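Here is a friendly briefing to read alongside the sequence and the 3D view. Please keep both open as you go through the topics below.

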Amino acid sequence: MLQEWRCNGKGYVVYRNFLLRRIEAASSSAHSTPSNSGRWFASPTTFSEADSWSSIRDLRSNSGKLSRTLSVSSKHSEPERHVRFAEPAYSFVGMHCIFDNCKASVTVLQFGRTNSDLLAYGSSDGSLTVCQVSEPPSVLQKLTGHSKDITDFDFSSNNQYIASCSMDKTVRVWEISKGTCIRVVYGVSSQLCICFHPVNNNLLLVGNANREINAINFSTGRVISKLTCDNAVTALDIDHTGQLIFAGDAQGYIYTISVNSHTGSLSRTHKNKSCKSKSSVTTIQYRTFSLVARCPVLLSCAQDGNLYFFSIATNSHGYLTLICSLKLASPVQNIRASFCPLLSLEKGEFIVTGSGDSNVYFYDLARPKNSCVNKLQVCSLSLYFLHLKIWLQVEVLMKPFTSLKGHGSPVMGVAWNHGENLLASSDSDGTVIVWKRAKTN
């Protein structure tokens with residue numbers, strides 16, 4: 001059986017179904033590989049599965065009498081839990097690579113624009129690291145110059161430049177290929193969020209602790225226009241047309257701001273007060289279209305763990321209507337969230353977020369009662385095989401393995417690559433894990 005399996009070269013999900021077909025009793029299995037900084041796994045053999053131990057707990061509760069029905073998520077209601085061979089939304093075959101060269105908290109990370117291989121992450125020690133995640137994964141540049149926490153950064157449309165902002169009150173522009181800082185813009189307060197204009201890449205939009213949103217000329221570093229909000233501007237994003245900016249502040253309010261793509265002039269159109277949270281907004285993310293709302297939508301995440309999902313009325317200058325909200329079970333200060341890719345076979349509005357319990361969670365905003373549909377975690381490999389041997393009575397040849405863990409501290413940031421097959425997550429200990437998503441039909 002094992003010899004036949006080794007020829008398959010596939011991941012946990014397929015291996016589990018393989019055993020189910022071979023053994024009348026239900027089973028589950030996976031392989032693991034120890035991780036190092038920038039280590040690449042030649043095949044998706046690392047174990048990471050949504051609520052994976054819930055299946056084993058169900059098997060154990062049967063006291064040896066095993067069935068072919070698997071529990072795919074402990075968060076699901078009973079009618080939804082027992083699905084024959086069904087996989088939860090956004091299942092993953094394992095880790096693609098790990099970067100653990102950073103010794104400070106990694107609070108923000110992002111893949112390059114229209115690029116599945118380029119990844120960058122910023123940390124609380126002021127450093128910005130640019131990596132490639134293809135075989136073999138490696139650190140391309142470590143950009144140093146900020147003296148305090150990196151609060152946000154963004155890639156230019158051609159991925160030649162990165163603009164970053166920091167608690168040290170500066171905005172810096174970096175040329176990635178040379179690893180050099182080509183421009184520094186000094187402010188009077190902490191610079192908290194930043195993004196390139198999607199149509200006019202010579203325009204940078206920056207929010208700061210002085211309650212301002214500044215439009216900065218990328219070439220000269222001069223402030224072209226500014227707009228004052230009611231509180232510190234902590235997060236922002238812009239729609240695909242470049243006409244509307246969505247900004248969150250330190251009191252949980254969200255602003256819709258009109259921007260002129262040519263002149264950079266800014267004018268406020270709406271202030272949304274439907275958020276119950278008075279906590280600082282950590283994530284603002286725009287999506288062009290939603291299968292649920294049938295229109296452009298906005299995701300907002302606050303420090304207290306409240307998530308908000310809005311529809312956007314483009315014919316009313318970006319007016320926001322709250323569709324639903326969700327309270328995370330394990331909120332983390334400065335946690336970030338992200339929309340998930342659209343799945344042709346899945347109905348819902350999926351998001352991914354980190355948590356204080358070191359796991360990565362997937363939620364469906366369309367199912368408020370059973371919103372958690374998946375999570376990524378890595379358990380002890382030796383304990384895992386011990387469970388297999390005792391409960392499944394499968395003879396496995398084992399070598400001594402050390403305990404394999406994923407994130408060992410709160411997960412702060414998450415980001416999808418352009419190809420939507422890789423998910424990167426970062427934690428407060430400085431570890432960045434790139435997870436490989438299972439193929440979907």
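Rings of Phe, Tyr and Trp (its six-membered ring) pair if their centres lie within 6.5 Å; planes under 30 degrees apart count as stacked, over 60 as edge-to-face and the rest as tilted. With that in hand, Phe92, Phe362 and Trp416 are linked by ring pairs into a cluster. This is a predicted model, in which local features need pLDDT of at least 70 and side-chain atom pairs count only at pLDDT 80 or more, while totals for chains, interfaces and linings use all residues. Residues are numbered from 1 along each chain as its sequence is written, and side-chain values use heavy atoms, with hydrogens and water left out.

**Aromatic rings and a charge**

- Searching the whole structure turns up nine aromatic pairs.
- The planes of Phe153 and Phe155 stand at 75 degrees with ring centres 6.2 Å apart, so this pair is edge-to-face.
- Both Phe153 and Phe155 are buried; buried means under 20% relative accessible area, exposed over 50%, and partly exposed in between (1.4 Å probe, protein chains only).
- Tyr253 has Lys271 over its face, at 4.2 Å from the ring centre. A charge sits over a ring if NZ of Lys or CZ of Arg is within 6 Å of the ring centre and within 35 degrees of the ring normal.

- Helices (H or I, at least four residues) and strands (E, at least two) are DSSP runs, numbered from the N terminus.
- Strand E6 covers residues 118-123, and six of its six residues are buried, so the strand is largely enclosed by the rest of the structure.
- Strand E5 (residues 106-111) pairs with E6 in the antiparallel sense over five bridges; two strands pair if DSSP finds at least two bridges between them.
- E6 also runs antiparallel to strand E7 (residues 128-132), and five bridges join the two.
- Gly122 is a handy landmark here: this residue of E6 stands opposite Val108 and also opposite Leu128 in E7.
- The hairpin of E6 and E7 has four residues between the strands, and Gly126 there takes a positive phi near 90 degrees.

**Backbone points to check**

- Most residues other than glycine have a negative phi, and most peptide bonds are trans.
- Thr114 has a positive phi near 45 degrees and is not a glycine. The hairpin of E5 and E6, where Thr114 is found, has six residues between the strands.
- Thr114 is exposed, at 63% relative accessible area.
- Asn159 is another non-glycine residue with a positive phi, of about 60 degrees, and is placed in the loop between E9 and strand E10 (161-166).
- Asn159 counts as buried, at 14% relative accessibility.
- A cis peptide bond runs from Glu135 to Pro136, with omega near -15 degrees. Pro136 belongs to the loop between E7 and strand E8 (138-143).

**The largest pocket**

- On a 1 Å grid over the protein atoms alone, a pocket is an open set of points where a 1.4 Å probe fits, with protein on both sides within 12 Å along at least five of seven lines; lining residues have an atom within 4 Å of a point.
- The largest pocket holds about 1,400 Å³ of space, where grid points are joined across faces, edges and corners and a volume is the space filled by probe spheres set on the points.
- Its lining has 46 residues, and Gln110, Arg113, Asp237, Gln285 and Tyr286 lie nearest the centre of the pocket.
- Several strands each supply at least two lining residues, among them E5, strand E9 (150-155) and strand E29 (411-416).
- E21 provides the largest share of the lining, six residues.
- The lining divides into 22 nonpolar, 16 polar and eight charged residues. Ala, Val, Leu, Ile, Met, Phe, Trp, Tyr, Cys and Pro count as nonpolar, Asp, Glu, Lys and Arg as charged, and the others, Gly among them, as polar.

**Contacts across the sequence**

- Val360 is in strand E27 (residues 360-364) and is buried, at 1% relative accessible area.
- Val171, in strand E11 (residues 170-175), is buried at 2% relative accessible area.
- A distance of 8.4 Å separates the C-alpha atoms of Val171 and Val206, which are 35 residues apart along the chain.
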